[in-house]
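Please keep the sequence and the coordinates at hand while reading.

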Amino acid sequence: VQLQASGGGLVQAGGSLRLACAASGRTFNGYYTGWFRQAPGKEREFVAGIHWSGGNIYYTDSVKGRFTISGDNAKNTVYLQMNSLKPEDTAVYYCAADWASKTYDSRKFSPASYSYWGQGTQVTVSS
């Protein structure tokens with residue numbers, strides 16, 4: 001499966017962006033899809049994830065109540081709606097996917113559990 005991430009940009013603090021992760025080559029059927037982010041000098045961290053069924057949704061604590069992950073199986077796309085953005089949300093955002101059988105339990109929070117990655121999209125939040 002090939003993943004294409006899009007939707008990043010420059011926004012002021014308090015603003016919103018919607019990221020999209022489009023799959024090609026196969027559907028998300030049976031996969032778990034995660035959004036990760038990596039700021040300069042920091043490790044890549046889990047932001048949010050969703051099972052292809054629409055369930056098993058998780059968020060890292062710092063984005064709870066502000067970010068919403070969703071999937072559109074008809075469009076083979078997973079979205080990350082980001083509201084109330086903060087300067088500390090600035091990072092390159094990546095989508096990743098792999099079989100749910102490989103990303104169960106705490107494995108879903110680790111980048112090493114995912115075989116398929118999008119190219120990343122830059123999100124910059126100015127103060």
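Leaving aside its neighbours within four places in sequence, with which residues is H51 in contact? The residues are Y31, Y32, N56 and A100, where contact means heavy atoms within 4.5 Å. The model is a predicted one, in which local features need pLDDT of at least 70 and side-chain atom pairs count only at pLDDT 80 or more, while totals for chains, interfaces and linings use all residues. Residues are numbered from 1 along each chain as its sequence is written, and side-chain values use heavy atoms, with hydrogens and water left out.

H51 belongs to strand β5; strands here are DSSP runs (E, at least two residues) numbered from the N terminus. With a relative accessibility of 18%, H51 counts as buried, a term that means under 20% relative accessible area, whereas exposed means over 50% and partly exposed lies in between (1.4 Å probe, protein chains only). The side chain of H51 also makes a polar contact of 3.5 Å with the side chain of W52. A polar contact is a pair of N or O atoms within 3.5 Å; within protein, one must be able to donate a hydrogen and the other to accept it, and residues adjacent in sequence count only if both atoms are side-chain atoms.

Six of the seven residues of β5 are buried. This strand pairs with β4 in the antiparallel sense over six bridges, two strands being paired if DSSP finds at least two bridges between them. Within that pairing, E45 in β5 is the bridge partner of R37. The two strands form a hairpin with six residues between them, and G41 in the turn has a positive phi of about 80 degrees. β5 also pairs with strand β6 (residues 58-59), again antiparallel, over two bridges; there G49 stands opposite Y58. The hairpin of β5 and β6 likewise has six residues between its strands, and G54 takes a positive phi near 100 degrees.

Strand β4 contains Q38. Is Q38 buried, partly exposed or exposed? Q38 counts as partly exposed because its relative accessibility is 26%. Residues up to four places away in sequence set aside, Q38 touches E43, R44, A91, V92 and Y94. With R44 there is a side-chain to side-chain polar contact of 3.2 Å. Q38 and Y93 are 55 residues apart in sequence, yet their C-alpha atoms are 6.6 Å apart in space.

Elsewhere, an open sheet of four strands has the order β1-β3-β8-β7, with antiparallel pairing. Its edge strands are β1 and β7, each of which pairs on one side only. From one strand to the next, the twist averages 15 degrees. Inside this sheet, β3 and β8 run antiparallel and are joined by six bridges; one of the residues involved, A22, has T77 in β8 as its bridge partner.

The loop between β7 and β8 holds N76. Its relative accessible area is 12%, so N76 is buried. Apart from neighbours within four places in sequence, N76 is in contact with C21, A22, A23, R26, T27 and F28. A polar atom of the N76 side chain lies 3.2 Å from the backbone nitrogen of F28.

C21, one of those contacts of N76, also forms a disulfide with C95, their sulfur atoms being 2.2 Å apart. A disulfide is a pair of cysteine sulfur atoms within 2.5 Å, and a search of the whole structure finds one. Why is it right-handed? The torsion about the S-S bond of C21 and C95 is about 70 degrees, so the disulfide is right-handed. The pair links distant parts of the chain, 74 residues apart: C21 lies in strand β3 (residues 17-24) and C95 in strand β9 (residues 91-99). Both C21 and C95 are buried.

In soluble globular proteins, nonpolar side chains tend to be buried together. Here the largest nonpolar core has 28 residues, and W35, L80, M82 and Y93 have the most contacts inside it. Such a core is a set of buried Ala, Val, Leu, Ile, Met, Phe, Trp, Tyr and Cys residues joined through side-chain atoms within 4.5 Å. Strands that each supply at least two residues of this core include β1 (2-6), β4 (31-38), β8 (77-82) and β11 (121-126). Another core, of five residues, lies apart from it, with F36, F46, A96 and Y114 among them.

How values were computed
Axes fitted to C-alpha atoms, helices over the stretch in contact; angles between N-to-C directions.
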